[in-house]
Amino acid sequence: MALEPFAQSKALTFGVELELQLVSLSDFDLTAASPDLLHLLAQKPFPGNVTPEIAESMIEINSSVHSSHLPLLAELLEIRDILVAAGDRLNIGLCGGGTHPFQHWSEQKIYPKQRFQELSSLYGYLAKQFTVFGQHVHIGCASGDDAMFLLHSLNRYIPHFIALSASSPFVQGHDSLFDSARLNSVFAFPMSGRAPFTLSWDEFANVYFAKMEGTGIIKSMKDFYWDVRPKPEYGTIELRVCDTPLTVERAAALAGYLQALCRHLLERREEPPVEDDYLVYNFNRFQACRFGLDGAITHPKTYETMSLREDILTTLRKMEPHGEALGSLGALRHLSTAAQEASDSTYLRRQYEEQGSAEGMVNAAIRRFRGKR
């Protein structure tokens with residue numbers, strides 16, 4: 001079956017998906033509450049959309065399609081408040097964070113949906129170990145060729161989004177020493193990584209995808225777990241490297257930054273992407289995952305190695321004219337402050353020390369998601 005045509009979409013519109021943790025307020029472990037929570041939420045109108053995820057201890061929320069930062073933020077705040085109120089009725093807490101600090105993968109329950117059951121059968125324990133929580137951002141593209149251009153042009157900036165969203169320092173009860181350990185779970189899947197290099201939608205759809213479909217390994221774009229992937233049914237590209245931040249404010253800011261970057265890239269004033277840009281890609285991605293804002297980044301064109309934090313701050317300043325044109329200056333300023341202060345991973349480690357337990361740290365994450373300090 002051929003890949004569907006690339007749908008018409010208004011360029012630079014955007015939307016957000018957030019995977020959220022469902023936590024018992026008695027022991028602060030993950031709890032298999034999504035069936036009850038989804039049933040309760042279905043009784044009233046819900047802004048955007050809310051769906052199950054692969055484990056019953058998580059849900060996914062989807063925003064509507066937006067053109068600017070503030071309406072997206074307002075919707076995410078409304079969604080958050082509805083979720084928190086529903087959680088209170090069920091005595092469960094909701095929070096961000098890319099990993100839960102002490103849950104055990106073997107105790108997770110796969111949600112009874114056909115695709116999730118098939119994935120569990122195919123991937124074995126990896127499916128339950130995939131109880132990790134990410135933010136995905138969709139950006140509207142005017143054409144398939146623009147989508148492929150943006151997808152590969154963004155390779156230079158992927159570490160920015162990993163470091164700015166990093167919120168998964170703890171895994172299975174231990175400090176992983178990574179700022180974003182979540183992505184290590186993603187990398188375990190055979191179709192993860194990055195998309196093959198081509199700037200032509202026709203070549204991607206009618207050559208690469210056709211060949212991959214012919215192998216019988218993949219059936220749709222959903223089978224690719226790439227860092228950035230095209231979504232032809234929506235007319236978007238989808239950035240998938242972010243941990244779910246601890247606040248919806250950070251989630252909206254990350255989307256605003258991506259929108260501004262894409263506007264800048266579509267002006268095509270930078271050198272166009274080439275296959276050799278990926279020579280430094282895995283190193284840069286590792287640096288961002290392991291060290292977060294304190295990592296290093298090597299420029300794919302010049303091979304100059306610099307501070308990731310300083311590269312982010314320089315780029316945020318460079319994006320200000322685009323932020324002003326798009327109405328997302330607030331998003332850029334939010335991220336600039338975050339880059340100069342501390343990441344969510346640093347906050348979680350600090351809470352672990354101050355609260356004296358992983359349970360206290362999870363409670364702090366729940367409060368932060370609610371907008372409380």
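Colleague: Before we start, what should I know about the model and its numbering?

Modeller: This is a predicted model, where local features need pLDDT of at least 70 and side-chain atom pairs count only at pLDDT 80 or more, while totals for chains, interfaces and linings use all residues. Residues are numbered from 1 along each chain as its sequence is written, and side-chain values use heavy atoms, with hydrogens and water left out.

Colleague: Thanks! How many helices and strands does the chain have?

Modeller: There are 15 helices and 13 strands. Helices (H or I, at least four residues) and strands (E, at least two) are DSSP runs, numbered from the N terminus.

Colleague: What makes the chain as compact as a globular protein of its length?

Modeller: The globule rule, 2.2 Å times the number of residues to the power 0.38, goes with a radius of gyration taken over C-alpha atoms. For 373 residues the rule gives 21 Å and the chain has 20 Å, which is close, so the chain is as compact as a globular protein of that length.

Colleague: Why is arginine 285 called buried?

Modeller: Buried means under 20% relative accessible area, exposed over 50%, and partly exposed in between (1.4 Å probe, protein chains only). Arginine 285 has 9%, so arginine 285 is buried. You will find arginine 285 in helix H10 (residues 281-291). Beyond its neighbours within four places in sequence, arginine 285 is in contact with Pro159, Ile162, Phe187, Gly193 and Asp227; contact means heavy atoms within 4.5 Å.

Colleague: And leucine 12, is that buried or exposed?

Modeller: Leucine 12 has a relative accessible area of 14%, so leucine 12 counts as buried too. Leucine 12 sits in the segment before strand S1 (14-24), and its phi is near 75°, a positive value in a residue other than glycine.

Colleague: What makes a group of residues a nonpolar core?

Modeller: The group must be a set of buried Ala, Val, Leu, Ile, Met, Phe, Trp, Tyr and Cys residues joined through side-chain atoms within 4.5 Å. The largest such core here has 121 residues, and those with the most contacts inside it include Ile59, Ile61 and Tyr257. Helix H9 (residues 248-266) gives the most to this core, with 12 residues. In soluble globular proteins, nonpolar side chains tend to be buried together.

Colleague: Which residues is isoleucine 61 in contact with?

Modeller: Leaving aside neighbours within four places in sequence, its contacts include Val16, Leu18, Phe46, Ile79 and Leu83.
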